[in-house]
Amino acid sequence: MIQLSDEEIVARLRNGETRLFPTLIGRYRDRGFSLALRILRNTQDAEEALQDAFVRAYNGIAKFEGTSAFGTWFYRILYNVCMSALARRKQVSIFAEPGEGDLPDPGPEPELPGDYSGFEMRDLVSRVESVVSRMPAKYASIISMFYVQELTYAEIADVTGLPAGTVKTHLFRARLLLQKEMHKELNQDTVIV
Amino acid sequence: MNHPARQTLLEYAWSVPGDPGFSETAEHIAGCPRCRGALAAVRAVEQSLHRLGVQRPSAAFTRDLLKKLGMRETTPIWWTFLKNFAPILASGVVAAAVIALGSSTSGDAEPSLRKSLFGVRPAMEALMAGVDGCTAWTTGIAAKYLTFSLGSDAISLAMFLCFLFAGIGLLDRFLLGPMLRRKNY
């Protein structure tokens, strides 16, 4: 069976072959949900936002000009829906929080990360997952877009509406925060062991 | 030995040759086991990030979404299989059964029943008699299998199942299918 590309599906959708839309749902459902969950931190809200994004994408497919990939376009819709949901929770845009641009104070700690060679990769992944889920949404969403949705800096910039340079800075700070939190977590364990 | 600051090491881990400070840090790391260990730790976390899994929404998510969009959920695979192959299978099985059983004398059916049902001639007569004739003929053959052969012969059982699937397939193709697929996604 020939697998149609997103672009081919979009072209056929625009010609009225609406039965192909569930294929796009299948392709973007889980990764989209992961992104929504990172931003909204609530399963029900994330599902609602994702449904809303799919409905908007379906209704607005005629407006999709194809200047970016369908995935980027869809994530932009999803991201905006999530932002609106956050705003409804009276949380102003996560990229305009007071003190924006500053990581939480790392505090005094050893200069360099410790030795994680005693940890299995599975354990590390689970801890990283746990730390990312506790990170501020602006960092967690960037981490998700870069590592899970596998978007480039330019695509993340397109999705979020931020300059590419700012995206790089956010990603760097997100990684920095992650490393710091991992260091804290794993060193505690090392002491116990 | 002056170790690079934590941030410098992190920048190095995410940089590429040619970036500012890359070669100096690389030189230090090459001769410093402690920094090599620290770099390995940074990279382990980075690898973990690449392995972050995707979460899945609830099982009802797609069904609810398709409902919102006015579409029907994807047909199950087994139903698609039956829908696509049962009518073809049915035609083949009916033809094979008529020809094979018509010339065979090894069936368990009573001679009068066999004479009246099996063979090309009874089949043609049933076809000529229209819908009622075909129904009576098909029912007669099914009854034969149920009454005389079922359980005594694996081939008969298999053929009975073929008839059953064929019936479902034909029902779907000509009756249920057009009704259900009227609003297919």
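A residue is buried if 20 or more other C-beta atoms lie within 10 Å of its own, exposed if 12 or fewer, and partly exposed in between, with C-beta atoms placed from the backbone. A nonpolar core is a set of buried Ala, Val, Leu, Ile, Met, Phe, Trp, Tyr and Cys residues joined through C-beta atoms within 7 Å. The largest such core here has 64 residues, and Ala36(A) and Leu78(A) touch the most other members. In soluble globular proteins, nonpolar side chains tend to be buried together.

This is a predicted model, in which local features need pLDDT of at least 70, side-chain atom pairs count only at pLDDT 80 or more, and totals for chains, interfaces and linings use all residues. Residues are numbered from 1 along each chain as its sequence is written, while chains are lettered from A and ligands numbered from 1 in the order in which they are written.

Stay with Leu78(A) for a moment. Two residues are in contact if their C-beta atoms, placed from the backbone, lie within 7 Å. Setting aside neighbours within four places in sequence, Leu78(A) is in contact with Gly32(A), Leu35(A), Ala36(A), Ala49(A), Leu50(A) and Ala53(A).

Helices (H or I, at least four residues) and strands (E, at least two) are DSSP runs, numbered from the N terminus. Chain A has eight helices and zero strands. Its pattern along the sequence is α-α-α-α-α-α-α-α. Of its 193 residues, 38% count as buried. Take the contacts in chain A between residues at least 6 apart in sequence: 70% join residues at least 24 apart.

Chain B has nine helices and zero strands. Of its 185 residues, 19% count as buried. For contacts in chain B between residues at least 6 apart in sequence, 57% join residues at least 24 apart.

Two loops of chain A deserve a look at their backbone angles. Most residues other than glycine have a negative phi, and most peptide bonds are trans. Arg41(A) is not a glycine, yet has a positive phi of about 60°. Arg41(A) sits in the loop between helix 2 (21–40) and helix 3 (43–59) of chain A. Arg41(A) counts as partly exposed because it has 14 C-beta neighbours inside 10 Å.

Glu150(A) also has a positive phi, near 55°, and is a residue other than glycine. Its place is the loop between helix 6 and helix 7 of chain A. Glu150(A) has 11 C-beta neighbours inside 10 Å, so it counts as exposed.

Val148(A) belongs to helix 6 (residues 137–148) of chain A. Val148(A) is buried because 20 other C-beta atoms lie within 10 Å. Val148(A) and Arg31(A) are 117 residues apart in sequence, but 7.0 Å apart in space, C-alpha to C-alpha. Beyond neighbours within four places in sequence, Val148(A) is in contact with Arg31(A), Ser34(A), Leu52(B) and Val54(B).

Helix 7 of chain A covers residues 153–160, and its buried residues are Glu155(A), Ile156(A), Asp158(A), Val159(A) and Thr160(A). Gly161(A) follows helix 7 of chain A, with a positive phi near 80°.

Next, the interface. In chain B, 37 residues are in contact with 37 residues of chain A. On the chain B side, helix 1 (6–13), helix 3 and helix 4 (61–68) of chain B each give two or more residues. Helix 3 of chain B supplies the largest share, 13 residues. By class, this side has 21 nonpolar, ten polar and six charged residues. Here Ala, Val, Leu, Ile, Met, Phe, Trp, Tyr, Cys and Pro count as nonpolar, Asp, Glu, Lys and Arg as charged, and the others, Gly among them, as polar.

Helix 3 of chain B runs over residues 33–50. The expected span of a helix is 1.5 Å times one less than its number of residues. For the 18 residues of helix 3 of chain B that should be 26 Å, and the end C-alpha atoms are 26 Å apart, which agrees. Its buried residues are Cys35(B), Ala38(B), Leu39(B), Ala41(B), Val42(B), Ala44(B), Val45(B), Ser48(B) and Leu49(B).

Last, confidence. pLDDT is the predictor's confidence in each residue, from 0 to 100. Chain B averages a pLDDT of 70, and 56% of the residues score at least 70. Among the elements of chain B, helix 4 has the highest mean pLDDT (90), and helix 6 (residues 111–117) the lowest (55). Over residues 181–185 of chain B the pLDDT is below 50, and this stretch has nine contacts in the model beyond near neighbours in sequence. For the complex, the predictor gives an ipTM of 0.76 and a pTM of 0.62.
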